[in-house]
Structure formats: C-alpha cells, structure tokens
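Here is a briefing on one protein model. Keep the sequence and the 3D view side by side as you read.

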Amino acid sequence: MSCGELLASAESIKIETNSAAVLVERPIEIVEYQRHHSLCQCCGEITSPQWSHQIVPGQDLGIKLQGLLGWLGNYGHLPYKKQQELLRALLNREWIC
C-alpha cells in the first residue's frame, strides 16, 4: 500500500507460509475424562465404556506426557526432581509429587 490505495478487494498474487514449533502459554492442559455407567432396563446389567486411550486409569499423567518424561529421564538424563520442577513450571500447580 505504498500509493495509499485500500487493498481490501485486491486479489492475492502470492501466498507465503512458514511453520514453526512454538511454546504456547499453557503447553499442558488438565483434562477430566468421564465415563458413564449404564443400567440395562432389560437384564439389569451395569455396563461402562473403556477409558480413553490417552490415559492410564488411576494415573495423573497422560500417556504422551509419561512418554516425554521417560525420554527426558533416560535419554536426556534429567533427574526426577528436575522433571518435577519442569512440570510445576509448565502447569503452574503444586499437585505434582
């Protein structure tokens, strides 16, 4: 727009793209998973669906986050205490033991 003309209706002649991995404000989210147990009105059996494949029931960390921490500990040589500090910083929470 060096001449001052408005470009709102101008046709684009070139599109450039650039991909970048960025650290977002909240790189880790706390997600609550629920499963509903149902009582069959016909036979009286209680049924429940499987948990999401993203979690291990009874554990606080999803499988991808557990995998990352495993990699950081084994290949990155990051001690468990430092992994805890990293999670606290990323989550800004104190529930990580």
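The largest nonpolar core has 6 residues: I28, L65, L69, L72, L87 and L91. A nonpolar core is a set of buried Ala, Val, Leu, Ile, Met, Phe, Trp, Tyr and Cys residues joined through side-chain atoms within 4.5 Å. Buried means under 20% relative accessible area, exposed means over 50%, and partly exposed lies in between (1.4 Å probe, protein chains only). This is a predicted model: local features need pLDDT of at least 70, side-chain atom pairs count only at pLDDT 80 or more, and totals for chains, interfaces and linings use all residues. Residues are numbered from 1 along each chain as its sequence is written, and side-chain values use heavy atoms, with hydrogens and water left out.

- Two elements give two or more residues each to the core: α1 (63-74) and α2 (80-91).
- Helix α1 gives the most, with 3 residues.
- Helices (H or I, at least four residues) and strands (E, at least two) are DSSP runs, numbered from the N terminus.
- In soluble globular proteins, nonpolar side chains tend to be buried together.

**Confidence**
- The predictor's confidence in each residue is called pLDDT and runs from 0 to 100.
- The protein chain averages 84, and 93% of the residues score at least 70.
- Confidence is highest in α1, at a mean of 93, and lowest in α2, at 89.

**Salt bridge**
- The count is 1 salt bridge, meaning a side-chain nitrogen of Lys or Arg within 4 Å of a carboxyl oxygen of Asp or Glu.
- K82 and E85 form a salt bridge through their side chains, at 3.7 Å from N to O.
- Both residues lie in helix α2, 3 residues apart, which is about one turn of the helix.
- K82 counts as partly exposed because its relative accessibility is 43%.
- E85 is also partly exposed, at 38%.

**Aromatic pair**
- The count is 1 aromatic pair.
- W71 and Y75 make a tilted pair, with 6.1 Å centre to centre and 35° between the planes.
- Rings of Phe, Tyr and Trp (its six-membered ring) pair if their centres lie within 6.5 Å; planes under 30 degrees apart count as stacked, over 60 as edge-to-face and the rest as tilted.
- Y75 has 59% relative accessibility, so it counts as exposed.

**Surface patch**
- V31, Y33 and W51 make a nonpolar surface patch of about 260 Å².
- Patches are made of residues with over 30% relative accessible area and no salt bridge; like charges are joined within 9 Å, nonpolar side chains (Val, Leu, Ile, Met, Phe, Trp, Tyr) within 5 Å.
- Accessible areas come from the Shrake-Rupley method with a 1.4 Å probe; for residues, only the protein chains shown count as cover.
- W51 sits in the loop between β2 (46-47) and α1.
- W51 counts as partly exposed because its relative accessibility is 31%.

**A positive phi**
- Most residues other than glycine have a negative phi, and most peptide bonds are trans.
- H77 is not a glycine, yet its phi is positive, at about 55°.
- H77 lies in the loop between α1 and α2.
- H77 is exposed because its relative accessible area is 63%.

**Distances to check**
- Y80 lies in helix α2 and counts as exposed, at 58% relative accessibility.
- Y80 and H37 are 43 residues apart in sequence and 37 Å apart in space, C-alpha to C-alpha.
- V22 is in the segment before β1 (38-39) and is exposed, at 64% relative accessibility.
- V22 and L68 are 46 residues apart in sequence and 17 Å apart in space, C-alpha to C-alpha.
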